[in-house]
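Trainee: I would like to learn how to read a structure, feature by feature.
Mentor: Then let us look at one together.

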Amino acid sequence: MAAAKPTLGRVLPGSSILFLCDMQEKFRHVAYFPQIVSVAARMLKVARLLEVPTVLTEQYPQGLGPTVPELGAAGLQPLAKTCFSMVPVARQELDARPQLRSVLLCGIETQACILNTALDLLDRGLQVHVVVDACSSRSQVDRLVALARMRQSGAFLSTSEGLILQLVGDAAHPQFKEVLAPSPPPSMHLANVSSAPTTSFRNTSGNIHILEHRRLPPPEGAQFSWGVTPSTINQ
């Protein structure tokens with residue numbers, strides 16, 4: 001008997017949808033917030049050029065504020081929610097597209113609404129592509145563990161550039177030059193989903209931070225813990 005063909009995770013405009021999760025005013029303190037919004041804005045621009053539908057959510061907007069303007073989401077109607085998943089409020093959008101196969105997922109926070117959205121989408125039989133340079137958390141430990149958890153459950157971890165090139169497919173595409181317009185590179189911290197060595201510390205307020213590749217000096221008075229690394233998390 002032939003072995004089952006593995007799921008390759010190919011992404012095509014006609015069978016994909018972009019999910020933009022909770023990039024709101026009161027979340028500006030989340031680590032690398034400007035970078036993830038910039039990358040998500042690029043994903044939204046590409047989705048519009050290639051006619052990929054988009055879903056935008058806001059978590060408890062009366063308390064956490066509206067979507068930040070730099071996302072460039074004017075014209076999209078945000079779906080308000082309180083649960084830690086986009087799927088309940090986006091169910092109508094999903095049900096209306098029987099051809100849908102892939103969901104491209106951006107936003108915050110990785111260990112909360114991104115993780116639970118990914119699990120709900122996987123449970124519906126959809127392929128989930130987490131845009132790692134467009135997802136973050138207040139704690140980078142939470143972010144790394146959540147990314148590993150989603151990969152264990154069957155989600156694909158991808159970069160914005162990789163997904164955009166899959167969507168456009170060919171340098172002869174009429175939108176190729178617009179799609180590949182110059183954009184700022186993602187933070188190397190956001191790109192770290194590998195087993196590279198790291199150091200963690202807990203500051204006086206109890207927040208855990210990651211010092212990737214031991215290149216960053218710890219803040220004064222930091223209490224070190226050498227046991228937390230992505231390689232430990234991914235096991």
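**Reading the model**

Mentor: Leucine 18 is found in strand 1. Strands (E, at least two residues) and helices (H or I, at least four) are DSSP runs, numbered from the N terminus. This is a predicted model, in which local features need pLDDT of at least 70, side-chain atom pairs count only at pLDDT 80 or more, and totals for chains, interfaces and linings use all residues. Residues are numbered from 1 along each chain as its sequence is written, and side-chain values use heavy atoms, with hydrogens and water left out.

Trainee: Is leucine 18 buried or exposed?
Mentor: Buried means under 20% relative accessible area, exposed over 50%, and partly exposed in between, with a 1.4 Å probe and protein chains only. Leucine 18 counts as buried because its relative accessibility is 1%.

Trainee: Which residues does leucine 18 touch, not counting residues up to four places away in sequence?
Mentor: A contact means heavy atoms within 4.5 Å. On that count leucine 18 touches Met43, Leu44, Ala47, Val52, Pro53, Thr54, Val55, Leu104 and Cys106. The C-alpha atoms of leucine 18 and valine 103 are 5.9 Å apart in space, although the two residues are 85 residues apart in sequence.

Trainee: Thr54 is in that list. Where is threonine 54?
Mentor: Threonine 54 belongs to strand 2. With 17% relative accessibility, threonine 54 counts as buried. Beyond its neighbours within four places in sequence, its contacts are Ile17, Leu18, Leu20, Leu44, Ala47 and Leu76.

Trainee: What is in contact with leucine 105, leaving aside its neighbours within four places in sequence?
Mentor: The contacts of leucine 105 include Phe19, Met86, Ile114, Thr117, Ala118 and Val128. Leucine 105 lies in strand 4 and is buried, with a relative accessible area of 0%.

Trainee: How much of the protein chain's contact count comes from residues 24 or more positions apart?
Mentor: Such pairs account for 77% of the contacts with a separation of 6 or more.

**Helices and backbone**

Trainee: How do I describe two packed helices?
Mentor: Two packed helices are described by the angle between their axes and the distance between the axes. Axes are lines fitted to C-alpha atoms, for helices over the stretch in contact, and angles run from 0 to 180 degrees between N-to-C directions. Here the axes of helix 4 (residues 110–123) and helix 5 come within 9 Å and cross at roughly 5 degrees. Angles under 35 degrees count as roughly parallel, over 145 as roughly antiparallel, 65 to 115 as roughly perpendicular and the rest as oblique. Helix 4 and helix 5 are therefore roughly parallel to each other. Among the residues that meet are Ile114, Leu115 and Ala118 in helix 4, with Ala146, Leu147 and Met150 in helix 5.

Trainee: What does the side chain of glutamine 140 reach?
Mentor: A polar contact is a pair of N or O atoms within 3.5 Å; within protein, one must be able to donate a hydrogen and the other to accept it, and residues adjacent in sequence count only if both atoms are side-chain atoms. The side chain of glutamine 140 reaches the backbone oxygen of serine 137 at 3.1 Å, and a polar contact of 3.3 Å joins it to the side chain of serine 136. Glutamine 140 is in helix 5 (residues 140–153) and is buried, at 9% relative accessible area.

Trainee: Which residues are joined by a cis peptide bond?
Mentor: Isoleucine 108 and glutamate 109 are, with omega about -15 degrees. Glutamate 109 lies in the loop between strand 4 (102–108) and helix 4.

Trainee: Where is aspartate 22?
Mentor: Aspartate 22 is in the loop between strand 1 (16–21) and helix 1 (33–49). Its phi is positive, about 60 degrees, although aspartate 22 is not a glycine. Aspartate 22 is buried, with a relative accessible area of 1%. Glutamate 51 also has a positive phi, near 60 degrees, but glutamate 51 is exposed, at 71%.

**Confidence**

Trainee: Where does pLDDT stay under 50?
Mentor: pLDDT is the predictor's confidence in each residue, from 0 to 100. It stays under 50 over residues 195–235. Where pLDDT is low, the predicted coordinates should not be read in detail. The protein chain averages a pLDDT of 83, and 74% of the residues score at least 70.
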